[in-house]
Amino acid sequence: MDTPKPQRPSFATTSRAHLRPLGVIVDDSFLTEAKNTQKRKLSQKRKTLLSCPFSIGGHLSPRPTYISDQTILHNRKPCSDDYRKRVGSWQQQPLGTTKPRYLEQLENYLRKELLLLDLGTDSAQELRLQPYREIFEFFIEDFKTYKPLLSSIKNAYEVMLAHQREKIRALEPLKAKLVTVNEDCNERILAMRAKERYEISMLKKEKMNLLKLIDKKNEEKISLQSEVTKLRKNLAEEYLRYLSERDARKILIADLNELRYQREDMSLAQSPGVWGEDPVKLTMALKMARQDLTRTQMELNTMKANFGDVVPRRDFEMQEKTLKDLQEQLDSLRDDYEEVRKEHEMLLQLHMSTLKERDQFYSELQEIQRTSTPRPDWSKCEDVVAGGRDRWQMLAEGKNSDQLVDVLLEEIGEGLLREKDFFPGLGYGESIPPFLRFDGVVENKKPTKKDVVNLLKDAWKERITEEQKEKFPDFFFNFLERRFGPGDAMAWAYTIFEYTKLFHSSEVMSQFYAVLMGKRKESVYIKQKETIAQLLKEMTNADSQNEGLLTMEQLSTALKSTFPFKKDERIQELMEAGGWHPSSSNADLLNYCVLFMEDEEGQSVPFVQKLWEQYMDEKDEYLQELKQELDLELHDEVTLPKVREALMNIDPSLDKQTLNSYLSQAFQLPMTELPEKGEEKEEGIVIRLQTALEQLQMSDVRRMGPREQEPAS
């Protein structure tokens with residue numbers, strides 16, 4: 001009976017379409033529905049394939065229905081003798097050479113399904129398993145007896161495949177991270193190699209310089225050795241010459257003595273009176289005379305050798321006295337010369353300074369003559385400034401002409417700002433601050449000066465309480481978004497920027513503008529507020545009665561306790577700014593709470609202003625001492641070890657944390673990247689002196705102790 005070929009079921013395409021690729025999360029309900037659909041389609045395929053039974057003769061069929069369960073239970077194990085006999089008898093039966101029809105249909109179906117697969121996608125291997133999975137499902141459904149075992153095998157493989165998919169999906173981010181780490185390591189290796197090449201080149205240059213120095217020293221050594229050899233040779237020649245002269249002199253003296261003896265003998269022989277004396281006696285006398293002559297001659301030669309260059313004592317004493325007189329005159333003249341020379345140098349310096357002052361005064365005179373104008377009548381501004389005469393008098397109180405010009409410009413600028421309804425956007429350029437990057441026009445909110453000051457104070461309060469993780473401009477814009485909402489934040493940013501840029505006389509606005517534009521570190525403002533709070537605490541502690549009153553002596557003690565390194569002159573300036581006068585008594589009481597009050601526009605009283613002025617003056621003096629200690633020009637370069645040494649010299653009380661903070665600000669390096677003392681290289685970190693001083697001027701820099709440590713008592 002011909003068995004119909006199984007048609008390609010539609011489930012293959014549907015099941016492949018619903019495959020779960022790696023890295024994709026599928027809903028559980030969708031998977032359940034897909035599995036149920038797959039089971040229904042597999043059941044239809046199985047019915048189609050089962051339409052042809054199998055046999056040993058070449059046709060594969062499902063499990064024989066005529067074999068009972070009892071028969072199956074009595075089957076023998078493969079290792080038993082009955083099983084061997086059965087197998088032997090079965091192998092003896094003649095079998096056909098063709099494949100079973102069911103096997104051929106399965107192979108054709110598998111081949112068609114594999115040809116229809118799109119193996120060019122990423123999930124090709126997953127799709128390739130689907131036809132095999134379907135064939136295996138056919139076997140499970142057809143062989144009812146082995147269905148539990150085959151199903152458990154299939155489930156085990158499915159669980160393992162799912163586990164492997166999850167592991168691959170989990171390893172995908174690690175692969176990307178591994179690539180990133182590999183790139184970072186390669187960049188670090190390249191940087192280290194570049195650094196090593198630079199160090200090797202520097203060491204090679206140093207080696208060449210040392211080799212040249214060694215060659216130079218060797219040449220000097222060779223020249224010195226040749227000179228020593230030459231001197232030794234000359235010394236030997238001179239020694240031989242003097243030795244020869246000494247021997248010749250001795251021989252000559254002996255010859256002269258011999259000739260003299262011979263002449264005396266001849267004279268005695270010719271004298272007639274000599275023959276009457278005893279020859280033995282004469283011989284003895286002659287011998288003694290010769291010995292005396294020899295001794296006398298030797299003494300005479302010694303005296304000549306020793307005292308040949310000696311002058312008479314009388315002449316020596318006269319010359320010595322003359323020399324002493326001349327030496328005294330020379331010393332006196334030398335002292336007079338030194339005094340005259342010093343006076344001459346002082347007169348020259350005085351003359352040069354006088355010339356410079358004359359030229360400076362002359363230049364100032366010329367400039368004043370050129371630019372001088374009649375003194376302005378500031379009372380004319382009373383009708384121009386809003387508020388009339390009373391407000392102008394309040395604004396002009398205690399200000400000079402330059403400050404009055406600033407006040408007048410601020411009043412005019414404030415009027416112009418109120419006339420503007422919109423501000424033009426500055427665009428998105430890199431030079432534009434982040435909180436002002438906007439295209440188009442923004443609304444002018446037109447707040448009052450008091451509103452702006454209160455808003456800035458609220459911003460400072462929130463900034464001080466938070467952890468300060470973000471930069472100040474970003475914090476400012478986020479603060480505006482939290483206060484006014486994202487829609488109005490940009491308009492308020494432009495409005496506050498224009499107001500703070502205009503009002504230089506307002507302490508709150510000018511300091512906020514300096515910090516916002518990066519001209520000053522925010523730590524300067526925060527530290528100043530902490531100092532004022534500490535001073536107020538000291539005064540409160542000194543006020544034992546809690547009346548808000550202090551004597552001038554208590555005020556002085558509180559100031560010296562808060563500022564132990566201030567000079568007495570500056571302590572007196574602060575007391576005068578607080579209301580003390582030299583004619584006042586120390587018992588006079590002062591309401592210290594008034595010293596820290598502010599007006600509606602955030603303007604401090606003269607006492608707090610004097611504190612700020614003294615802080616800036618002390619910082620300038622501190623940085624000037626640092627520049628003098630380095631002994632460099634502003635355009636010269638300076639290294640980190642030299643700045644560290646100079647800071648410790650001018651301020652020995654600096655602790656390690658504060659010193660590293662100053663160095664980090666000056667060289668714009670994180671404190672963790674600063675080299676320890678003794679580990680830094682002389683040519684390692686270099687910066688221009690002017691840049692370092694500017695960075696320190698922007699930061700909170702103050703003296704931590706006296707210039708020289710006081711000796712321990």
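Select Q511 to start: in this predicted model, the residue is buried, with a relative accessible area of 13%. Q511 sits in helix α15, which spans residues 507–516. Show the side chains around Q511 and leave out neighbours within four places in sequence; the contacts are then R520, Y525 and W612.

Ring pairs join Y525 into a cluster with F435, W460, F472, F475, F476, F479, F497, F512 and Y513. Over the whole structure, a search finds 16 aromatic pairs. One of the pairs is F435 with F497, an edge-to-face arrangement with 6.4 Å between centres and 65° between the planes. F435 is in the loop between β1 (422–424) and β2 (441–443), while F497 is in helix α14 (residues 486–502), so this pair ties together parts 62 residues apart in sequence.

Now select Y261 and R290. R290 lies over the face of the Y261 ring, 4.7 Å from its centre. Then go to F563, where K566 lies over the ring face at 5.0 Å from the centre.

Next, colour residues 200–234 and 286–350, which an unreviewed UniProt entry annotates as "coiled-coil region". In the model, the span 200–234 is 100% helix and 0% strand, and its end C-alpha atoms are 51 Å apart.

How many disulfides does the model contain? The count is 0.

Technical notes:
Residues numbered from 1 in each chain as written. Predicted model: local features only at pLDDT ≥ 70, side-chain atom pairs only at ≥ 80, totals over all residues. Heavy atoms only, no water. Disulfide = S-S within 2.5 Å. UniProt positions renumbered as here; feature names shortened; annotations may be inferred. Helix = DSSP H or I, 4+ residues; strand = E, 2+ residues; numbered from the N terminus. Buried < 20%, exposed > 50% of the residue type's maximum accessible area, 1.4 Å probe, protein only. Contact = heavy atoms within 4.5 Å. Phe/Tyr/Trp six-rings, centres within 6.5 Å; stacked < 30°, edge-to-face > 60°. Lys NZ or Arg CZ within 6 Å of the ring centre and 35° of its normal.
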